[in-house]
Amino acid sequence: MADRDSDRWMEAALAEARAALAHDDVPVGAIVVHQPTGSIIARAHNERELTGDPSAHAELLALREAARSAGTWRLEEHALVVTLEPCPMCAGAVWAARVGLLVYGAADPKAGAAGSLYNFAADPRLNHATEVVRGVRAGECAALLTDFFTSRR
């Protein structure tokens with residue numbers, strides 16, 4: 001994957017993250033890209049506050065939309081691009097969907113499950129491994145989250 005692609009993809013994920021601010025959700029955004037064509041087939045941002053659904057994380061919403069768009073739950077030829085390292089629930093969904101590539105911005109040392117706290121992407125006990133690209137536009141992704149939480153203190 002070219003750096004130019006990951007940067008462009010992260011810009012789309014950051015736009016989604018900013019959309020979460022409109023309804024006071026934690027600004028995390030995600031997109032799913034069909035890698036052979038480079039087409040973005042799904043976009044989402046956190047909607048837990050908006051919907052009252054604890055599972056309404058950006059990654060889960062984007063993966064659901066991508067599966068509908070692709071017509072299959074198997075997303076081997078797809079990349080999930082997200083502004084924050086996925087939590088265990090979302091990393092489990094990445095594994096379950098057989099996502100081929102995970103690209104994330106800011107690491108999450110308290111709940112990250114793609115290398116920080118756990119590593120669902122490369123656990124040899126699981127039957128699928130996902131390639132991971134870490135730290136794409138990490139400063140921007142982290143600043144968006146820091147600003148959000150600072151404004152609430």
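This is a predicted model: local features need pLDDT of at least 70, side-chain atom pairs count only at pLDDT 80 or more; totals for chains, interfaces and linings use all residues.

Let us take strand E1, which spans residues 29–34. E1 belongs to an open sheet of 5 strands, arranged in the order E2-E1-E3-E4-E5 with mixed pairing. E2 and E5 (131–133) stand at the edges with a single partner strand each, so one side of each has no neighbour in the sheet. From one strand to the next, the twist averages 20°.

Now for the neighbours of E1. On one side comes E2 (residues 39–45), paired with E1 in the antiparallel sense over 6 bridges; here Val-32 stands opposite Ala-42. The two strands form a hairpin with 4 residues between them, and Gly-38 in the turn has a positive phi of about 80°. E1 also runs antiparallel to E3 (residues 78–84), joined to E3 by 5 bridges, and Ala-30 faces Val-82 there.

What about the side chains? In a regular strand they alternate between the two faces of the sheet. In E1, Gly-29, Ile-31 and Val-33 point one way, while Ala-30, Val-32 and His-34 point the other way. All of these residues are buried, so E1 is mostly covered, with 6 of its 6 residues under 20% relative accessible area.

Finally, helix H3 (residues 58–70) lies across E1, E2 and E3, and runs at about 145° to E2.

Conventions
Residues are numbered from 1 along each chain as its sequence is written. Side-chain values use heavy atoms; hydrogens and water are left out. Buried means under 20% relative accessible area, exposed over 50%, partly exposed in between (1.4 Å probe, protein chains only). Two strands pair if DSSP finds at least two bridges between them. Axes are lines fitted to C-alpha atoms, for helices over the stretch in contact, and angles run from 0 to 180 degrees between N-to-C directions. Contact means heavy atoms within 4.5 Å.
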